[in-house]
Amino acid sequence: MEKLRIGLALTGSFCTFEKAVAAAEALAEKYDVTAIMSETAYETDTRFGAAAEFVRRLETITGKPVLHTVADAEPIGPKAMFDVLAVAPCTGNTLAKLAAGITDTAVTMAVKSHLRGGRPVVLAFGSNDALSASAKNLGELLNRRHYYFVPLYQDAPEAKPRSLAADYGKLEETILAARDGRQIQPIFG
């Protein structure tokens, strides 16, 4: 039996990169994982770490170069490169672009290209404005076919009452359910 082929796309939620890299490591132990990064994620050093170090770690984990340009991502759909594509982390900005059909980064192109074959996309969404400005985009994508969400929780309800974060402990379960056309429940915990 062939290994499940997973595309793992990272957008600029830099504070969750350690969770994303840990998820890549766990997934790569069982599945064929390819990392994709938005151009911003690929190039930007932040207080959470140097971009080149995250790229190096992902390439070591997957044994493959990180896809990081629109041109890199365009063949994903036509070549049916992945069984499931997970955007983890998915920022409010990326969520808005996906809801509006904007394709201007490696990650949004990867999603568009992957969806062309009706394959599942898993979103590990997290944003400080998830229950305000981003709420309409969350609702939009919850209603679209082939989109699945890693369960969300309020990560700091007193300090950040409109913030939601994905439960990375449920990423693999969400990917496996999405492969089978199911959304795990509850979506909000």
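Let's start at Thr16, which sits in the loop between strand S1 (5–10) and helix H1 (17–28); helices (H or I, at least four residues) and strands (E, at least two) are DSSP runs, numbered from the N terminus. The model is a predicted one, where local features need pLDDT of at least 70, side-chain atom pairs count only at pLDDT 80 or more, and totals for chains, interfaces and linings use all residues. Residues are numbered from 1 along each chain as its sequence is written, and side-chain values use heavy atoms, leaving out hydrogens and water.

Thr16 counts as buried because its relative accessibility is 15% (buried means under 20% relative accessible area, with a 1.4 Å probe and protein chains only). Contacts here mean heavy atoms within 4.5 Å, and the table leaves out residues up to four places away in sequence.

| Residue | Touches |
|---|---|
| Thr16 | Pro89, Tyr168 |
| Ile36 | Gly7, Leu8, Ala9, Leu10, Val66, Leu67, Ile76, Phe82, Leu85, Ala106, Val107, Ala110 |

Ile36 also belongs to the largest nonpolar core, which has 60 residues; Ile36, Val122, Leu123, Leu171 and Ile175 touch the most other members. Such a core is a set of buried Ala, Val, Leu, Ile, Met, Phe, Trp, Tyr and Cys residues joined through side-chain atoms within 4.5 Å.

Now for a helix pair. The axes of H5 (residues 92–100) and H6 (residues 106–115) come within 10 Å and cross at roughly 40°. On the H5 side, Thr94, Lys97 and Leu98 meet Val107, Thr108 and Val111 of H6. These contact residues divide into three nonpolar, two polar and one charged.

Note on methods
Axes fitted to C-alpha atoms, helices over the stretch in contact; angles between N-to-C directions. Nonpolar A, V, L, I, M, F, W, Y, C, P; charged D, E, K, R; others polar. Buried < 20%, exposed > 50% of the residue type's maximum accessible area, 1.4 Å probe, protein only.
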